[in-house]
Structures are given as C-alpha cells and as structure tokens.
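Here's a quick briefing to read next to the coordinates. It goes chain by chain, then stops at a couple of residues.

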Amino acid sequence: MKNIFSIPILVCLVISIPFSIFAQEKQSDSLIETSKVIAEPATSLIVSDYKYDNGNSLKLNWVPSIDDQLPAGKVTGYELFRSVNGGGFERIAEFPPQKNSFQDDKVEIGSSYVYYIDALSKDTATSSAKTELINPEREWFNAGKIPLLIMALIIAGSIFYFIETARRGKTLFVRKIAGLEAIDDAIGRATEMGRPILFIPGIQDMDDVQTLAGLTILGRVSKVIADYDTRIFMPVSRSLVMTAGRETIKAAYQSAGRPDAYSDDMVNYITDEQFGYVAAVDGIMVREKPATVFLLGAFFAESLILAETGNSIGAIQIAGTARPAQLPFFIAACDFTLIGEELFAASAYLSGEPKQMGSLKGQDVGKAIALIVILIGVIAATFSTAWDIAFMTSIYDFFTTIFSVSK
Amino acid sequence: MKKTAIIVTAVVMGLFILSWVLKANAVSATAESNYILRGFLVTIAAFLTLSVLSFLYKDNPFYKFAEHLFVGVSAAFWMCLGFWSTIVGNLIPRVSEGLSNTFKVPYIGGDWGNVLGLDIMNVVFVFPIIFGIMLIMRLSSNYGWISRWPLALIVGTTAGLNFVRYLQSDFIQQVSSTFVPLLGNNWTGFGDFFSNLSLDASGQLVLMLANWVIFIGVFCGLIYFFFSKEHTGAFGKASRVGIWILMITFGASFGYTVMGRISLLVGRITFLFKDWLEIIS
Amino acid sequence: MNNFLLISLSDIGVIISLIVIFGGLLWLFVRSIKAKEVDRRIIFIFIFVAVAAPILFPITFQESATEVVKGVYNKIENLPAGSRILISFDFDPAMAPEVQPMANAISAHALEKGHKIIFMSLWATGQALLSQTLETVIIPQFPEKEEFVDYVNIGYKAGNEGVLNVIVADFRQMFPTDVNSVPLDSMPIFYNLKSCKDLDMIVSIGGGKPGPKEWVLFVGDPGNIPMGVGVAAVVAPQLYPYYPKQVVGILGGVKGAAEYESELVKNYQKFEDMETPGLRMMGPQTLAHIVIMSFIIIGNVIFFRSRRKDGTK
Amino acid sequence: MKREIPLFITFFVGTLLIIAVFIPPIENIEKTFTLFFDIIAVFAFFLGGGNLIRVHVHKLVNGKKDWVYSLVTLGGFALMLIAGLFKIGNDGGIAASVTAEGSWFQEIFNYVINPLQSTMYALLAFFVASASYRAFRAKNKEATILLIAAFIILLGRTPFGMMLTGWIPDSFSIFQIPNLAIWIMNSANLAGQRAIMIGIGLGVVSMSLRLILGVERTYLGEEGK
C-alpha cells in the first residue's frame, strides 16, 4: 500500500517542477500603436519556427489592429496570406476579430515562406508589413511530447521495477481473479464428461494485443489439457494466429512430455470473414458439443452469437475481452468474464511466475497515479470554475497539459 | 427418418425452382436482359437467408450447406482482396517498376532516394517478402522454426505501436477527461443554488450530479481493478461501488444495443418481403 | 374508395398482429406465474413476428433530435459553403441497414449546403455500399453537382489504421488516384488539399474496427480536425467519452438516423418528401423492444416463483 | 539461436517503434511497419488457404462424416478464387477494380456472401432477446442493478418511455425516462467505460512491455523462464 501510493506522489512532485517553469513562460506583448483615423492594419507580425517537429510547422503571432481593441470595433476579421519560395501570395486562413496567433501546419522543410495579414473592415482590407523570409527547421527530438515520454517512463519504470523486485525473490500479493480460478475446474469437467474444449482467440489478427493475451492464456490452458489428455479444438479466423496457436499448443505438449499426442488438426484456419467464421464455429459447437468454451481475445458483434450458442449446448463458458462494447454480452451469457484489464492480467497471473506477477503490481502504480491525478484534477477544476481561484486554475492547466493528446 | 429427409429436400428443391421461374419471369418484365441468371441469384440469396435462419430451430443440412459455402467463398474473397489491394496495390508499386507496369499500377518507388545505386524503398520492401516467405517455411518440418522470425517481427510491431497508442488514448486522455468540476460549469453561489433546486434534465443540479457520478464512478471503478491489494475495509467498499458502476455500464450498453440488433433483422426481413416475395414496395 | 379499403386493410393487419403479440405475451405471463420456463425458440418466434408485422403494416412514431445528434447537424449547417468534408463508409452490408441511412442523410445535407465531399472507405465491403449511395441518393437528388468538383469517390484501400496513419500526413501516398484511376491532382476538389489536416470536417460512419474510434484516434485527434461520427448503436456508448471534446456529435443507431432525418425534413423544403428509412424502421424497433422487456419481466416472475417454491419445500 | 533471434527481433522492433514516436524525422516509421504487417499477412493467406484445402480434401478422400459439405466448401473456394484472381467480368482488364459492378466477384459477393453475412449478423436480434430473458434476473444485488439499468435504457429507446412519464412536470424532467436514459448513458455508463478504458490502457502497456522484454513468450511456443 505504502509502496504503491508513495511512488506516484513523489513522481508527480518531481515532474511538476520543470513544468511549472514551462507554464510561467509568457509572450511579451509589444506596445500598441497610437490610433489613426481609418481601419488600422495588424502590427508586429512575427513568424518563427515551431520547435520540436519534423520541420512541418511555423508559428505566427501578431498584435491585432488598434481598431480591434474594442468589442464591436471596425475590424470584422483577418485573412492570412502566404508566399512559398518567392511565388505569389495566396490566402491560407481567415480568423475572427481579436485573434492574435496561428500555427501553419502545412509547410514543408526545404521551402521558404513569407507571410502578411490583412485586417478586414466592412468593405476594405488593410495589409500588415510582410514577415522576414523563413525556412522551417527539423528538430531531432519532439519536446512537445515530453509529458507523454514522462508518463511512459514512469509507468514502464514502475512495471520494470516490480518485475525486478519480484525476480530478486520478494513475494508480491495478487488478489484472486474469479474467471481464472475456474479454468482448471472447467477443463477437469470436460475431461470427466469426455467432451472436447473449444478455444476461440477472438477474430483479430496478431496485430491486436488482445489476441496475444488470448494466446498466452492458451499456453496455460493447453498445459493442463496436455496433462489431462483432453481434446481441444481451436478454430481461428487468421492464418497468423493459426501459426502462433500451433506453436503454443505444441510447446505445451512437449513440456508435458507427450509430443506425439499433439496434432496440427487441433488448430485450424476457417476464414478471415467475420460471420463466415462465426457460422463455422456455431456449427462446430452444436456438432461437437464441447463441455467448455473459452472466448478470450478481441470480439465484435459475434460475441453474443457465440456465447448464446455455447450456452444452448450447456457448455461452461469463460470469456474475456478488452472491447468495452462486447463485455455486456459476455457478462450476460457466460459463466465467467474477464473484464478489460483482467484479460491482460490473466496471462501473468496464470503463469505464477514472480516476474509476471511483478508487472501486475507495476500496473497498479499506474492506477494509483490515475487516482491521485483525477482527485487533484477534479478539485482544481471545481475550485477554478466555481470561484475562479488563480492558483487552482494553474494546477488544472498544468495537469491538463500533461494529460493531453499531444500532436 | 430417411423418408422425411427426402421429402423435405424434394419440397425445398421444388420451391427453389418455382421461385427461380417466378422470379425470372418477374425480372424479365424489367429492362434487365439476363433475367434467368438474375432470377437464380435472387432465389439463392433468399434460400441462403432462410437456411441460416433455420439454425435457430436446430442444426440441419440446409444450415450446413450455407455454412460450408460461406466458409469457402469468403476465404477466397479475402485472399483475392488481400492480393489485389495489398500485394498489387501497395507492395508492387514500391519494389518493382516493371511489375507495376504489368499490373498497371502507378510506381511510387524511388521516393526515398538512392544509396549505392540501389533504390532505398525497393530494398526496404524486400524485407516483408523475405519474412513472408519465412512464414511459409512453416510447411516444412525441418525449417518450420524459422516462421518464428516473422511472428516475432509482428509481435514486436504490435507491442511497440500499441504501447504508446493505448497510453495516449486510453490512459492519458481518459484521465484528463475526468477532470470535471463538481459544482457544474456555472456556479453562482450557494444562495442561488438552493433557491433554484429543480430536477430539470438540463438543469444545474442534474448536470452536477452527473459530474459527481463520473468522478466517483471512475474512481471506484479503478479501485476495483487493483490487483495487488486485498479488497477489504474501505478499499473493499469502494471496489464494491466500482462493481455497481460497472454493472450499470453493462446493463445500459446492453439495453442501448438492442436497437441496432433489431435493425439488422429488419434489413433481412425487408429483403425477403421486398426483393424476393415482392409483397411490400 | 380503393384507397380507403387499403388503409383499413393495413389497419386490420396492425390490429391482428398486435393481438397476436400481446395475447401471446399475456399467455406466457400467466404460465410464468406457475414458474414454467419458456423455450428459447418461442422467444425467437415472438421477435420474428414483432419485427415482421410492422414491416408489412407500417407503424411510425414521432421523433425529435437530441443534443448529440444536433452537434453533427449544426456543424454541417454552420460551416461556410464550399467547405471540404470527408465521409468514410466504414461498414459492411450486414451493418448497412443501421448506418447507411445516416450516411445518406449527412451526404445529402452537406451537398445541399454547398459543401464538397470526398467519399472513401476503410472496409473492402464498404466500397459497393458507397457506390450505392452515390447512385441512389447523390446523383438523382443532386443532378447539378459535378463529380471531381463537388464530390469524389476515392474508394477503399487495405491497411485499416495504417491507411489513416498515412492520409493524416498525405493523401496521395495512399490514394494516388480515385476509384476509377483518375489521378487526384487532376481534380478541382483536391486542389490545395494535401492531407486530412486540410479538411474542414470528417464524418466516419461505421461500427466495427477500423471505424469511427480509429478515425478519432489516428486522424481527428492528431490532426485536430472536427469529427462527426455515425455509429451502430452497439458502439455508441463507447464513443460518448469523446463527446464533445474529440467529436462534435454522435449519431447512434437507427434512432440517431431517424432524428437526423426528422431535422432535415423539418428545416428543408427540398427534403420534405425524401425517403426516411430511419424513421420507418422505428416501428419494428418499438415492438421488438416491448417484446424483449416483456420477456425480462416474465423471466423475473419465473425466477421469483421458482425461488419461493424452493423455499417452501 | 532458434530462441534468441526472435526475442531480439521483438525487442528491437518494439523499442524502435516506441522511440520513433519522439523523434520527428522517423516518426513515420510506424507506417512502414504497418505496411510490413499487411504484406506478411497476405503471405499468411496462402498458409491459411492451403490449410483450408488440406482439411477439406482430407475429409473428402477419407469419406469422413459430412464429406459432401467439404465439396461445397472447396467448390465455393475455387469459384471465388478464379473469379477474383482473373477478374472475370471486370471491364478494363487487369487495371479494373476487383470489386467492379457486374463482375463475377462482385455478383457472388452480392448474392452469396452478403445475404449470408447479414443473416448471420441478424441472428443477434434473436440472441439478444434470449440472453436478456435468461440473464436479467434479480438474483443478487449486482444482477438487479444490471437489470434496472438495462430496463430503463430499453424503455428510453421507445416512445413508451415518454408516454409513461410524460406527465412529470418539467422541473423534474430528469425522471422522464428518455431523459433519465440519456443521463445514465452520459454519467454512470461513461464513468464505467472510462474506468475500463484506463485499466485496459495500463493492461496493454504492461503486456506490451512484457512482450518487448521477452518476459512473455508463449506465442513463440516457449516457456518463459
């Protein structure tokens, strides 16, 4: 307990130091020009390279026209013009009044650019001075992604730390996960009834982590099966999964000392077509009448078709997926369901290896960070919107900056 | 038993041919020239539809026929699509100008420049071909182990891509979306709040309550997922609230989904009534 | 006279089917008090009748648009004419009855407002449905709109999210030509349009993977482009966390389509007599929902009765 | 060697792709790898197709039960493969789109795959009903919550929700069922979804890390050590 929460708190504190400096950075406003008689142009148009990218952005700042200083002034908006490599000027964007900055993401490295901006009044446009010629530059590190990097490092670091701790022999507590406790019983039941086991690793290919999670659980399941000598069917809808599935089961039979009992016919490719696959699996279910059905992986609409058919033949069903949309159907139609993260935790949990268990504890650090940040964020959001407390607003801004999808 | 099977098959065949004739006749009235084929195609579509629906009663030869046909045809369907769109559409234009011309696809190799007289893109895209061939080595019993290499490449790609992607969109983004103001967005003080206590659906109190539920729900939901701590005491209570929130989520999603599922059946029945039987317009 | 007879015939049909459904449910309910389980095939028959009957004898209900649906509608309404919108058909024929009405309604709305549309699909099977929309909705309703100027169909490319990853930076790398091998560079609609970032809005219609969610993650978010989504009801709740920050609005299932259609019919004279498949589909929906709710009640009655029985024994 | 090289490949590729995210000049490398995956996956089709043929020919030759149906599968497979690879009936020869209207490939898709696919999908309408009949029973506290939430949403999706509760005055309109349904979708449902998503995010991160580090290697047919 102490371990889990103290790490994230410390980490939050440490990373907040450089960021509070970042947050303080401000643009210096240039002085506003003295007023003249007609709609004034915008001034101080400055273009600069947008740092931390591959040379595909430029940043523009300007001071709005003096006639735009009052609400309902003469200015109705702005238009930005750009010339590429000395060519003619083209309008690339327009803005409402009061706007004073823009980021041009449509530039290319190796080209040079000149900009000017028009202040629009009811019937005329007045142009600002042109900017200096600028070439976008390429950087080798995307500093805009530092928050992401820090988050990645903290979470990966704590997972790594606990894997190491566990490897050194410290035992870590992991709570029971209902569906997993049932796996051995379910296989035992199939053995007693002399009926086969059906294993379905979802309908996605190897490029989905859920399929990989399903396969790792298959590794443990097939070990038990190899010991009990139960039959297993594993129809799959991707040939790559077939290859991996065969490797997995074969290894289990080998380690059980019965390589002859293994046959490639245990795992078969059906078709890549989602419902063609479902039609075939439904057929297998009603004809082979498996006693136990595992549905572990990425599932889509077929989840309920498979689970209901499995239920109608009286099979024990253990399901798990990280597709939130399909979880309700598994919950409704299956005996045990691994919810989201539990699917990924299952492989580690079942292995019983300390190293893998350690990674679960690392995940918990991530959750602890989420809990603490949410708590702080909610408090800050509450106070800053209700009473406009500057301190709270800056905390809120700070956390939303770190926890935002960076470009 | 055998007799009934023959009778049923005969009746179905008879109906099939009847439908074919009637359908061809109906189509011939329109501009369609190939009405015999068209009549057959609509009939087979209807036949397959009914065959699949018959599975609801129980497994039967018609379902088996539909199922096996589906598997064969669809496996080839995806193979052809993979061949034309990935191999011809994406691989060939990157490795060979000659083949690109043969298949009449625009050649895009050369975009990455040359090194030592070799086109970089051409060279890079030889790798997936090599890995693809390694995968097929699976069929050999002596060199089957080499198929692990492409598998390892794919798993590495999956792990690397998903690490950052899920961290961003499922973790970071969802955490910051939960920074909700518990007093709503336009709080004007306790006095106003108490003088304005309505349970209007878009009212202040209701929006505030939603934010409270989101906050507590996410918080307790996360506690439920803690693995390394026994769910007892206050922690256990919070995790229990977490389960309740998850149950509401599952119930709500289930209820919400029913509509979509019914639509699909509407689509099929409309097909039967409209395109096949033509009893509705 | 003939007309009158027709209406009453259909009314008789409605009445008979309602009597059959509700009579049957009542009978099952009475049985359930004796704690008798219902075979699942009986449930199947009820669902079939509840869906088939309103298709034969149409029953329609009133709809009004909710906020999430209006989000998409208003975004299209408020974009300046001539804006470029990409509409992606990320679904297959199986999902089409649920989501194609949305695709049709949104396309028609956008063209009517004078926007330009780029059509594409991430699903191989979506391509045919896309042509269907073009042939049955766009061309007949908007004969004055020109291909390559007001709309274009760039078709399907394999690669799922990979496609998105590429086009967010460069269209031509993934789609050098449109579906008929016409180079993009030759089209006015693609003038000055390099990547998705140059679009004014993206609408993804779908329900599986890849679909709206992938569009948000791979294109909408990284490119900061306004996204509207239309999804099968099943995935709609999953997209709610993205509203309103990452998507401007969500059309969920047939009901979403029906709401969008009702908004169009209400505000545009041109669309007054348009096909409203979404609205029409709400009849079977309502009856089927009632049947399912009744079965939930029946199931619970059976459960409590049998528990009491067990208790007394 | 049989062991180390695959583990090294996974480690190298995984790490490279993570680092690439932060280095602008190679941030597009993931696109190349995604393409690699697609290409390798097509090679895998040959493996899958070959396996399909092998299984069904085996059934046919050995005269196993239901061998007739294997004939159907093989026939369908061959027909579609020929139609697709040779683009029969596609106007414009080799450059034509494989799914061009009027081609054999597209006709078979329209009249065989499409009805089968949509009908399989439509079975869900029936299964949703049978699942809710069986599963939504108030067996315990959790099940009761599940049941109530589902029921409210179901009612809210029909005009009957409004008919039943339309009399409730506007100042209490949250108790009108359609409004309540939307409120639940946007609050409790959203909270639950989010908690699940955050958990999944961490689960995937941890799983990816285990794969990259070689702690998890079942998919290679090896036991972790």
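Chain B has an accessible surface of about 11,900 Å², with carbon and sulfur atoms making up 68% of it. Keep in mind that this is a predicted model.

**How chain B is built**

- You'll find 10 helices and two strands in chain B.
- Reading from the N terminus, the order of elements is α-α-α-α-β-β-α-α-α-α-α-α.
- Chain B is more spread out than a compact globule, because its radius of gyration is 31 Å, well over the 19 Å that the globule rule gives for 281 residues.
- Along the principal axes, the C-alpha atoms of chain B take up a box of roughly 80 × 70 × 45 Å.
- Buried residues account for 58% of the 281 residues in chain B.
- If you take the contacts in chain B between residues at least 6 apart in sequence, 31% of them link residues at least 24 apart.

**Where chain B meets chain D**

- On the chain B side 116 residues are in contact, and they meet 115 residues of chain D.
- Together the two chains bury about 10,700 Å², and 82% of that comes from carbon and sulfur atoms.
- B:M79, B:W84 and B:F163 give 6% of the area that chain B buries against chain D, which is more than any other three residues supply.

**Where chain B meets chain C**

- This contact involves 36 residues from chain B and 42 residues from chain C.
- The buried area between chain B and chain C is about 3,300 Å², with 70% given by carbon and sulfur atoms.

**A closer look at B:F131**

- B:F131 sits in helix α6 of chain B, which covers residues 126-136.
- With a relative accessible area of 13%, B:F131 falls under the 20% cut-off, so it counts as buried.
- Not counting residues up to four places away in sequence, B:F131 touches B:W149, B:P150 and B:L153, plus D:I40 from chain D.
- B:I146 is 15 residues from B:F131 in sequence, and their C-alpha atoms are 9.3 Å apart.

**A closer look at A:D264**

- A:D264 belongs to the loop of chain A that runs between α5 (239-255) and β10 (267-269).
- The relative accessible area of A:D264 is 29%, so it is partly exposed.
- Leaving aside neighbours within four places in sequence, A:D264 contacts A:R246 in its own chain and B:R138 in chain B.
- A:D264 and A:I225 are 39 residues apart in sequence, with 15 Å between their C-alpha atoms.

**Chain C on its own**

- Chain C has 12 helices and six strands.
- Its C-alpha atoms fill a box of roughly 80 × 60 × 30 Å along the principal axes.
- Of the 313 residues in chain C, 62% are buried.
- For contacts in chain C with a separation of 6 or more, 75% come from residues 24 or more positions apart.
- Chain C exposes about 11,800 Å², with carbon and sulfur atoms supplying 57%.
- The 27 positive and 30 negative charges of chain C have mean positions 13 Å apart.

Definitions and conventions. Residues are numbered from 1 along each chain as its sequence is written. Chains are lettered from A and ligands numbered from 1 in the order in which they are written. This is a predicted model: local features need pLDDT of at least 70, side-chain atom pairs count only at pLDDT 80 or more; totals for chains, interfaces and linings use all residues. Side-chain values use heavy atoms; hydrogens and water are left out. Helices (H or I, at least four residues) and strands (E, at least two) are DSSP runs, numbered from the N terminus. The radius of gyration is taken over C-alpha atoms; the globule rule is 2.2 Å times the number of residues to the power 0.38. Buried means under 20% relative accessible area, exposed over 50%, partly exposed in between (1.4 Å probe, protein chains only). Contact means heavy atoms within 4.5 Å. Accessible areas come from the Shrake-Rupley method with a 1.4 Å probe; for residues, only the protein chains shown count as cover. Buried area is the accessible area (1.4 Å probe) that two parts lose on being put together, summed over both. Lys and Arg count as positive and Asp and Glu as negative; His and the chain ends are not counted. The place of a charge is taken as NZ of Lys, CZ of Arg, CG of Asp or CD of Glu.
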